[in-house]
Amino acid sequence: MPTATYFFSKEKARPYINAGMGFIDIKQKANTLSSSGAFSSYENNNNGFIWSVGGGLAYFISKSISFDLGLDYAKYTYEEDGVKIKSGAIGANIGISVFLK
């Protein structure tokens with residue numbers, strides 16, 4: 001998903017916010033076993049629109065490499081059997097970023 005990020009300072013530790021939007025393809029698969037021993041399988045594919053916002057702290061170890069800690073909220077919308085479904089998720093992120101110039 002394309003994402004834009006804004007850093008609030010030029011120090012080594014930089015708070016940031018980000019936002020993005022895109023297209024999501026959801027594939028669900030489930031296998032169940034009932035108490036009577038009957039086995040059943042379920043599979044579903046959907047796609048739709050997703051957007052996210054978040055923020056965090058990036059600690060730069062050089063001009064182009066940082067260690068990141070952040071929180072994001074994502075909301076996605078898709079249609080299943082004629083019903084519009086909206087779902088959201090909160091995530092915590094830990095990572096390394098490499099910036100190309």
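Thr 77 is found in strand E4, where strands (E, at least two residues) and helices (H or I, at least four) are DSSP runs numbered from the N terminus. This is a predicted model, in which local features need pLDDT of at least 70, side-chain atom pairs count only at pLDDT 80 or more, and totals for chains, interfaces and linings use all residues. Residues are numbered from 1 along each chain as its sequence is written, and side-chain values use heavy atoms, with hydrogens and water left out. The protein has 0 helices and 5 strands, giving the order β-β-β-β-β from the N terminus on.

**Overall form**

- The radius of gyration, taken over C-alpha atoms, is 19 Å, well over the 13 Å that the globule rule gives for 101 residues, so the protein is more spread out than a compact globule. The globule rule is 2.2 Å times the number of residues to the power 0.38.
- The C-alpha trace spans about 60 × 30 × 20 Å along its principal axes.
- Of the 101 residues, 24% are buried; buried means under 20% relative accessible area, exposed over 50%, and partly exposed in between (1.4 Å probe, protein chains only).
- The protein exposes about 7,600 Å², of which carbon and sulfur atoms supply 60%; the areas come from the Shrake-Rupley method with a 1.4 Å probe.
- Among contacts (heavy atoms within 4.5 Å) with a separation of 6 or more, 47% join residues 24 or more positions apart.

**Strand pairing**

- Strand E2 (residues 13–33) pairs with strand E3 (residues 39–60) in the antiparallel sense over 21 bridges; two strands pair if DSSP finds at least two bridges between them.
- Met 21 has Trp 51 in E3 as its bridge partner.
- The hairpin of E2 and E3 has 5 residues between the strands, and Gly 37 takes a positive phi near 95 degrees there.
- E3 also pairs in the antiparallel sense with strand E4 (residues 65–80), over 13 bridges.
- Ser 52 stands opposite Ala 74 in E4, and the hairpin of E3 and E4 has 4 residues between the strands.

**Two threonines**

- Thr 77 is buried, with a relative accessible area of 18%.
- Beyond residues up to four places away in sequence, Thr 77 touches Gly 48, Phe 49, Lys 84, Ile 85 and Lys 86.
- Thr 3 lies in strand E1 and is partly exposed, with a relative accessible area of 46%.
- Leaving aside neighbours within four places in sequence, Thr 3 is in contact with Asn 18, Ala 19 and Gly 20.
- Thr 3 and Ala 13 are 10 residues apart in sequence and 20 Å apart in space, C-alpha to C-alpha.

**Aromatic rings**

- The count comes to 7 aromatic pairs, where rings of Phe, Tyr and Trp (its six-membered ring) pair if their centres lie within 6.5 Å; planes under 30 degrees apart count as stacked, over 60 as edge-to-face and the rest as tilted.
- The rings of Phe 7 and Phe 99 form an edge-to-face pair, because their centres are 5.9 Å apart and their planes stand at 75 degrees.
- This pair links distant parts of the chain, with Phe 7 in strand E1 (residues 3–7) and Phe 99 in the segment after strand E5 (83–98), 92 residues apart.
- Phe 7 is partly exposed at 23% relative accessibility, and Phe 99 is partly exposed at 29%.
- Ring pairs link Phe 7, Tyr 16, Phe 60 and Phe 99 into a cluster.
- The charged end of Arg 14 sits over the ring of Phe 60, 3.9 Å from its centre; this requires NZ of Lys or CZ of Arg within 6 Å of the ring centre and within 35 degrees of the ring normal.
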